[in-house]
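My entries follow in the order in which I checked things.

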Amino acid sequence: MSGKPEKLITDDGLRLDGRRMDEIRPMKIEVGVLSRADGSCYLEWGRNKILVGVYGPREAHPRRMQRPDSAVIRYRYNMAAFSVEDRARPGHSRRSIEISKVSRDAFEPVIMSELYPKAAIDIFVEVLQADAGTRTAAINASSVALADAGIPMKGLVTSCAFGKVDGQVVLDLSKDEDNYGDADFPVALTQDGEITLVQMDGHLTQDEIKKGLELVKKGCSQIFALQQAALRTKFEFPEAEEAEELEEEEAVEAAEAEISEVAAKYAGTTEVEEAAEADEVISESEEEESEESEEEAEAEEESEEEAEESEEESEEETEESEEESEEEAEAEEEFEEEAEAEEESEEEVEAEEESEEETEESEEEAEEEAEAEEESEEESEEEAEAEEESEEESEEEEFEAETEEETEEELEAEGEVEEEEDEIPAEELEEDAEEEAEEEEKSEGPWKVVKDPLDPEAGNGGENDE
């Protein structure tokens with residue numbers, strides 16, 4: 001690594017690489033360098049080497065990034081590990097993320113993203129060699145790659161930077177000027193002069209910024225011319241008529257050259273011989289020209305036939321491709337319908353399962369309630385039985401108590417009677433006996449019973465019979 005130079009601008013008013021204040025570094029642009037990309041560009045600007053690939057418009061993934069009304073622009077800036085003197089760390093860094101963001105914002109006003117809803121346009125930038133101004137070089141290369149991919153745009157985007165070196169405003173900083181200068185001011189412009197990117201690192205006055213913007217407009221106009229020239233080399237071709245005229249002129253010039261060579265060869269012969277030889281040469285040249293013209297006509301006819309055949313084949317291929325696309329579209333529609341039907345059936349099955357689970361749960365709850373009711377009924381029956389048993393026991397106890405009382409009363413009554421009987425005196429007994437005897441006498445009456453002499457057993461033959 002070289003150290004800081006003593007002066008960045010010499011006494012002659014030139015910079016270290018020999019440029020004036022308003023000159024840009026030499027630029028080289030190649031279009032279509034990547035075969036698998038939709039659009040690509042390789043750009044060399046000074047010692048910067050940038051490779052850009054554009055892919056899209058294509059379906060945006062993941063789908064949560066899709067926009068319903070416009071395409072998503074994704075810009076990825078990356079520096080290769082070998083792009084600088086000290087090996088760079090691979091992968092994303094804060095610097096690469098910041099450059100990716102501001103560069104994407106520089107293209108959003110130009111790209112007609114509203115034509116491709118739910119799509120994505122991917123721009124991949126790889127810095128192969130870095131030498132100051134990589135973000136501006138990447139924007140220039142990305143603009144050409146987008147045009148190569150056929151992305152509809154309102155115009156190309158060009159970018160350049162100015163800065164302050166040794167107190168003077170200069171255009172397109174080199175590496176030493178960027179590292180040891182006072183300020184760096186990258187700008188991106190559209191064809192209409194609209195600014196889509198502005199950044200500043202350092203300190204500049206208003207007058208210095210105005211002067212720098214004028215220099216940037218001059219540099220961007222030069223870059224725009226280089227971008228257009230690179231795109232024309234790929235997409236512009238000479239017309240067929242001009243090519244045929246050029247071929248005929250070349251054939252005539254070749255014939256005249258042969259004639260002149262033959263004439264020079266036979267310069268010492270007579271005029272007759274010279275005329276004969278000249279006639280022979282002319283006739284041979286005419287025959288050759290006629291043969292060449294016939295061959296060219298045959299070749300043209302063959303080319304026309306081949307073109308017609310190729311057109312027919314292309315038409316057949318387009319028809320086949322259209323049929324295939326239609327079949328694919330129908331297959332996709334059928335697949336989507338089947339997927340929707342499967343989703344609906346799955347939802348119905350899930351709903352049925354949920355309903356079955358709910359019914360099972362309700363049945364289980366009903367069974368649990370019924371079991372609880374049965375248990376409560378059993379408990380109530382047991383309580384009723386226990387109450388009945390307790391009532392029966394209480395009745396039995398009452399009955400036993402009553403019977404015991406009655407038996408006790410009877411026993412007491414019998415005891416009293418016995419006591420009374422025992423207490424009857426002898427006088428009363430005698431009186432009772434006398435009364436009984438008197439009653440017996442009264443019952444017998446004044447008559448007497450006389451036994452029948454004939455029938456001793458009969459009592460009707462007594463003496464009291466009248």
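**Strand pairing and the sheet**

I began with β1 and strand β2 (residues 39-45), which run antiparallel and are joined by 5 bridges; strands here are DSSP runs of E of at least two residues, and helices are runs of H or I of at least four, both numbered from the N terminus. Two strands count as paired if DSSP finds at least two bridges between them. Looking for the bridge partner of V31, I found C41 in β2.

This is a predicted model, in which I read local features only at pLDDT of at least 70 and side-chain atom pairs only at pLDDT 80 or more, while totals for chains, interfaces and linings use all residues. Residues are numbered from 1 along each chain as its sequence is written, and side-chain values use heavy atoms, with hydrogens and water left out.

Next I followed the open sheet, whose 5 strands come in the order β1-β2-β3-β5-β4 with mixed pairing. β1 (27-31) and β4 (72-79) each have a single partner strand and stand at the edges, so one side of each lacks a neighbour in the sheet. From one strand to the next the twist averages 15°.

**Helices on the sheet**

Helix α2 (residues 134-148) lies across β1, β2, β3 (48-59), β4 and β5 (119-129), and runs at about 145° to β2. Angles run from 0 to 180 degrees between N-to-C directions, with axes fitted to C-alpha atoms, for helices over the stretch in contact, and contact means heavy atoms within 4.5 Å. Helix α4 (residues 206-235) also packs on the sheet, where it touches β1 and β2, and its direction makes about 30° with that of β1.

**Cysteines**

I searched the whole structure for disulfides (cysteine sulfur atoms within 2.5 Å of each other) and found 0. C41 is buried (under 20% relative accessible area, with exposed being over 50% and partly exposed in between, for a 1.4 Å probe and protein chains only), at a relative accessible area of 0%. For C160, which is in no disulfide, the nearest cysteine sulfur is that of C220, 5.6 Å away; C160 is buried too, with a value of 0%.

**A hairpin**

I then turned to strand β6 (residues 157-165) and strand β7 (residues 168-171), which run antiparallel and are joined by 4 bridges. V165 stands opposite Q168 in β7. The two strands β6 and β7 form a hairpin with 2 residues between them, and D166 in the turn has a positive phi of about 50°.
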